[in-house]
Amino acid sequence: MNASEFRRRGKEMVDYVANYMEGIEGRQVYPDVEPGYLRPLIPAAAPQEPDTFEDIINDVEKIIMPGVTHWHSPYFFAYFPTASSYPAMLADMLCGAIGCIGFSWAASPACTELETVMMDWLGKMLELPKAFLNEKAGEGGGVIQGSASEATLVALLAARTKVIHRLQAASPELTQAAIMEKLVAYSSDQAHSSVERAGLIGGVKLKAIPSDGNFAMRASALQEALERDKAAGLIPFFMVATLGTTTCCSFDNLLEVGPICNKEDMWLHVDAAYAGSAFICPEFRHLLNGVEFADSFNFNPHKWLLVNFDCSAMWSRQLVRMLRLKKTCLVSAVVRRS
């Protein structure tokens, strides 16, 4: 495909997309297919010769669309909404064309700097504490993750590395394995299943704190669990508070559990994946009160803010330290291998 054909086919694709969006309410929301429906309808191996563009579009309509769940249909009421918009689609086209991999400033300065500036814009809209912003001379800042699940895992791994370094600095004879077998993290019993997965991936114990009658984590239940685990020789190091749970949109009490986490030197991660967008509205901002006690905060613009998946915004007041810990871990791994 040369540039001339790309222009022609690109216009045709835009028309197809626009027609799809305009007529989406006429499509069956949930597909009436059985598992494995697709395999018999397509070749068992990749074709030796390319199909025409017209044939591909026909296959999309005849074979793919019957198996698509139409998340943007006005009759779709499952899960959370996933955002999309025409401006976001156009932006995706431009990003795909530029195709930079923004893993460092040198890899693409504009990519890195635009991300930090936009994250500051969004942080200010949420009225996050200044310690979370990139524009200040402190160690905080925001980065884009792929999902809230990733953000929780990143926060847990950073907290784990931080506590291991702290304990080994005080007692150099302690091994990482000896410390990790005693580490314990916490969340509400209403937290998303990704929190449990983060604990499994991170190789640490994760305990669910019983919620109250409003399905919220409260200080008394958390304090009781901490005292019990410390008496058993465990090391509390990480806690996830949820603002807008998956099951019923309940809110853990940040103003109660936040000070406890700070007092116990535990990393507090706030997961507001679903409800976070609402905090931009002044009438809902009070639901975020207590975020000043947090070490990291995350929500998903790809749910309510018309941004295509995947865009999960994460801030940390210790972003610079997180990057340093990552560098230290990489250097240590290289030294061990050599």
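Which residue in S5 is the bridge partner of Phe 238? Look for Trp 267 in S5. Keep in mind that everything shown here comes from a predicted model.

**View 1. Strands S4 and S5 side by side in the parallel sense.** Here you see S4, residues 235–242, next to S5, residues 267–271.

**View 2. An open sheet of seven strands.** Read across the sheet and the order goes S1-S7-S6-S5-S4-S2-S3, with mixed pairing. The edges are S1 (141–145) and S3 (205–209), each of which pairs on one side only. From one strand to the next, the twist averages 20°.

**View 3. Helix H8 packs on the sheet too.** H8 runs over residues 219–231 and touches S2 (183–188), S3 and S4. Its direction makes about 165° with that of S2.

**View 4. Helices H1 and H2 pack together.** H1 spans residues 3–22 and H2 spans residues 53–64; their axes sit 12 Å apart, at an angle of about 15°. That angle is why H1 counts as roughly parallel to H2. Their crossing is right-handed.

**View 5. Where H1 meets H2, residue by residue.** From H1 come Arg 9, Glu 12, Met 13 and Tyr 16; from H2 come Phe 53, Glu 54, Ile 57, Val 60 and Glu 61. Sorted by class, this contact has five nonpolar and four charged residues, but no polar ones.

Notes:
Residues numbered from 1 in each chain as written. Predicted model: local features only at pLDDT ≥ 70, side-chain atom pairs only at ≥ 80, totals over all residues. Heavy atoms only, no water. Axes fitted to C-alpha atoms, helices over the stretch in contact; angles between N-to-C directions. Helix = DSSP H or I, 4+ residues; strand = E, 2+ residues; numbered from the N terminus. Parallel < 35°, antiparallel > 145°, perpendicular 65-115°, else oblique. Left-handed = near helix turned anticlockwise from the far one by under 90°. Contact = heavy atoms within 4.5 Å. Nonpolar A, V, L, I, M, F, W, Y, C, P; charged D, E, K, R; others polar. Pairing = 2+ DSSP bridges.
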